[in-house]
Amino acid sequence: MLPLACFCAGVVLCAFLPVLPSWPLLLTVLLLSWPLWWRTRRLWLLALVAATLGLGYAAWRAELRLAQRLDAALAGEVVQFSGVVRGLAKPGEFGVRLRFEVEAVDNPAIRLPPLLELSDYRQQAWPAGSRWRLSARLRPPRGAANVAGFDAEAWYWSEGVLATGSVLKGRQALGRATDWPARIDRLRERVAQRLLAGSDEARAAGLVAALAVGAQQTLTRDDWQRLAATGLTHVVSVSGLHITMIALLVAGLLRRALRYRPPLRRPLWWGLGGAVLAAGAYAALTGFSVPTQRSLWMLVVAAVALASQRGLSPLANALGTPLVSLLLTPLALLAALLPWPWLFEAAGWVAQLFWWWVDLLAGAPLYAVPQLPWPLLLAALAGTLLALLPWSGSGRALGACLLLPLLLYRVPPPASGTLAVELLDVGQGLAVLLRTRQHALLYDTGAGEATRVLLPALRALDVRRLDTLLLSHHDGDHDGAAASLREGIEVGRILAGQPQFYPGAQPCRGGQSWAWDGVRFDVLWPPPAWQGEDNAHSCVLRVATAGQALLLSGDAPLAVEQALVARYGAALRSQWLVLGHHGSRTSSGDDWLRQVQPQMALLSAGYRNRYRHPHPQVLARLDAAGVTLWRSDHDGALALRLGPGQGELQARRAQAARYWRPPP
């Protein structure tokens, strides 16, 4: 077992490397360690050989996939190609997302990745298994890089999606694919349509379809948010738990059925074989995703071990058997396979019971766990294993002690007189978290839902309450997540450049100031009774420690910058400047930069955004002023520490560097 465990450890290690190991290095380790182990039979040498082989195998597979990555020269370009729709298309509020397998490219000189994720903002129909010739604007997969939250780039890599794109006008139907994946996908689509049409309770029917054929697109965004809030997302996403339960149910039924037949040779093989076949059929029916593939292989290994009378870890006995896995999943599968209305009605009733439970839990107070340092995370993992394994009471007690950091750990706050700044990667928007020792202020929220970036980041940084939410002005990319944020975290007060748009908000006006834990906050704009266009209402905030200062101006235009220069002059000087209006040429003028004299500029903008921010003129102004620029679209979230001495900056994308992340 030790060589296998070390081989697996080498495979896992590869996923965390910033660059792939060189083949000469791996071969050198093998050539040195293998003969030594052969002569000495030392266990640690065998472990080293196995781990090196695992790392080499993973690196080889990674190089094969990296070779399929989208050519950097094609990023943002329009390409014509043909292929087939894989899986089930996912209609959404703004368009349809679909997986598209490339069969041929019109230009033979262009090589595309085999699997793409496309978005069709015209919301056309994309039947499962249909073939098309189309044009799309492609780009490498890109996601936000924050201290916590969904890692879209890791997910795309695990799914084998090496490019994304948007479908353009003019597609040509090429008929239907006839291979077995397309046939299964069409079957899944028909079953999902039948299940959804068979009930007036859309929410319950959507859950049944998701569990029966993996049609997760039937669940709404609100449903997913409630599942995430209650920690029940894994119950709805078909994974190892569902595959295992189906296998156990079939194995149990076969065992009972075989009792009434003449004795068979090797009855255990019949039961295990039927269980594995049933699990494989269910995995195929639900889309054969990466988690189901992994679970199916583990089930095959377990079945072989049982059939050969080998011992197995009892970890499987510790898996919970919740309502969904024990009752709803089998009912949903039977309702999909058999034309009996009462089965679907029973599944729908159980689904409604499940949603009632989710809604009840979602309304309860949430206990958020901050991000653990690696040593404590490893200790918690070891504690989980000790608690689950069949040790004596002392072993379980030790495991419980190792799990205590999950409940007791708190992120160390900034020291008095120090300001911790987190410019979050929210795409084309702005959200900046400012923390002192005992207080927290969020400057703008970005667009979308707070559950996407803001709340995971706040929980990871152990921010349980916002003393102040400052909304610079009324614009969707600055305040779009404000409402959902207030539902997820306590907010003390709201300051806003346009307070009439937010219930209970106070006006943000020049001259306001306060001090938190040795850090001074000064509002510089807008003046009282100010009248102007939306961007000109942007609340301008300067935050200063004993030795450093940070200046934020929202979307304030050049005219506001000129007014501030005339009013405050040298008092504007700040070592750190958040560029106005995401780097638009209507902000960050020469006079502004000359007076502020920043050493570092921070830019929040979306990757390859349609506004083409930052503007080349702004980049030229910064270069002429000798200002170093950090960009969220290239560097991810930016973490600063401003104190009495020199400020420190860390880029989250560099912190989580992986060989599979696309270059800027």
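Helices (H or I, at least four residues) and strands (E, at least two) are DSSP runs, numbered from the N terminus. Residues are numbered from 1 along each chain as its sequence is written, and side-chain values use heavy atoms, with hydrogens and water left out. This is a predicted model, where local features need pLDDT of at least 70, side-chain atom pairs count only at pLDDT 80 or more, and totals for chains, interfaces and linings use all residues.

Now the strands around that bridge. β10 (residues 465-471) pairs with β11 (residues 490-496) in the parallel sense, over six bridges. Pairing requires that DSSP finds at least two bridges between two strands. Zoom out to the sheet. It is open, has eight strands, and runs β12-β11-β10-β9-β8-β7-β20-β21 with mixed pairing. At its edges are β12 (506-507) and β21 (648-651), each pairing on one side only.

Next, cysteines. How many disulfides are there? The count is one, taking a disulfide as a pair of cysteine sulfur atoms within 2.5 Å. The partners are C508 and C539, with sulfurs 1.7 Å apart. C508 is in the loop between β12 and β13 (513-516), C539 in the loop between β14 (519-525) and β15 (540-544), so the pair ties together parts 31 residues apart in sequence. Both C508 and C539 are buried. Cut-offs: buried is under 20% relative accessible area, exposed over 50%, partly exposed in between (1.4 Å probe, protein chains only).

C8 is in no disulfide; its nearest cysteine sulfur, that of C6, is 9.3 Å away. C8 is partly exposed, at 40% relative accessible area. C14 is in no disulfide either; the nearest cysteine sulfur, that of C8, is 13 Å off. C14 is buried, at 1%.

S553 is in the loop between β16 (549-552) and α20 (558-568). Buried or exposed? S553 is buried, at 1% relative accessibility. Leaving out residues up to four places away in sequence, S553 touches Y443, S538, C539, V540, V578, G580 and W592. Contact means heavy atoms within 4.5 Å.

Last, a helix pair. The axes of α6 (residues 202-213) and α13 (residues 341-362) come within 8 Å and cross at roughly 105 degrees. Axes are lines fitted to C-alpha atoms, for helices over the stretch in contact; angles run from 0 to 180 degrees between N-to-C directions. The two helices, α6 and α13, are therefore roughly perpendicular, the class for 65 to 115 degrees. On the α6 side, contact residues include R203 and L207; on α13, F344 and W355 are among them.

Definitions and conventions. Parallel < 35°, antiparallel > 145°, perpendicular 65-115°, else oblique.
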